[in-house]
Amino acid sequence: MDFGGSIAKSHEFGVFGCLAPACVKIAVMQELETFKLIERISSLLRSEERRKYAAIGLQPVHGQVLEYLAKCNKYSNTHAAVAEYLGLTKGTVSQTIQILERKHYLEKATDSLDGRVVHLTLTEAGARLIDELKPLDIFKQAETKVSRQEFDTIGQALQTTLGVLQKVNHSKSFGLCRSCRYFSVEENHYLCGLTEQPLDREDTDKICRDHAPEPTPFIDQE
Ligand code: SF4
């Protein structure tokens, strides 16, 4: 993925370049769109993660703790560090670790120099679980498709990434009505080609559960 052009472009036209009110407004709207796209990509990945962990009787937080412990060093594998890294309360971390210990995915060991410190390490079963579950399959598939493309803006790259993730996850796009392949303007009014009903002006700026994105050759090819 090439984000270089997009960063240069946002500086050129955004808050760092043109300071005219109209330019600033456009830049702010673009930034908001970017955040919305990131939010949608994250929620899609979160729901995929929930589905996967539920299938083995765990919650995503269990996977996040194991994943953290798989990559942190020997000074950082403590309850406090897990809580700090994941932004969790000590109580939640404690409960999560108890469950993971009970399921034999991690084990505790007291520090050899300071008896007050407890280190957490993955068992073989825990390490195997992480290998099996991460990265999420849909993310791997999306990465393969997106990595060879070049994009002019971050928004375009994110929109395409979202499209690919939705395609491989068989999830609905929930896109803006105006960007739907069924949307059209007929004799000065807006029309939904799916329901064959006229659309109000305000509906065209809303998202729809029946939205169908325009075909994108490299997304749609198998
Ligand atoms: S299917 Fe939904 S998004 Fe597509 S044109 Fe009709 S109302 Fe709009």
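I looked up the helix pair and found that α4 passes α5 in a right-handed crossing (the near helix is turned clockwise from the far one by less than a right angle). The model is predicted; local features need pLDDT of at least 70, side-chain atom pairs count only at pLDDT 80 or more, and totals for chains, interfaces and linings use all residues. Residues are numbered from 1 along each chain as its sequence is written.

I noted that α4 (residues 79-86) and α5 (residues 90-102) pack at about 115 degrees, with axes 9 Å apart. Axes are lines fitted to C-alpha atoms over the stretch in contact, with angles from 0 to 180 degrees between N-to-C directions. Helices are DSSP runs of H or I, at least four residues, and strands are runs of E, at least two. His 79, Val 82 and Ala 83 of α4 meet Lys 90, Val 93, Ser 94 and Ile 97 of α5 (contact: C-beta atoms, placed from the backbone, within 7 Å).

I then asked which residues surround the ligand. Among them are Cys 177, Cys 180, Cys 192, Cys 208, Asp 210 and His 211 (C-beta atom within 6 Å of the ligand).

I next examined strands β3 (residues 183-186) and β4 (residues 189-192), which pair in the antiparallel sense over four bridges (pairing requires at least two DSSP bridges). Glu 186 has His 189 of β4 as its bridge partner. Two residues lie between the strands of this hairpin, where Glu 187 takes a positive phi near 40 degrees.

Finally, I recorded a mean pLDDT of 81 for the chain (the predictor's confidence in each residue, from 0 to 100).

Key:
Two residues are in contact if their C-beta atoms, placed from the backbone, lie within 7 Å.
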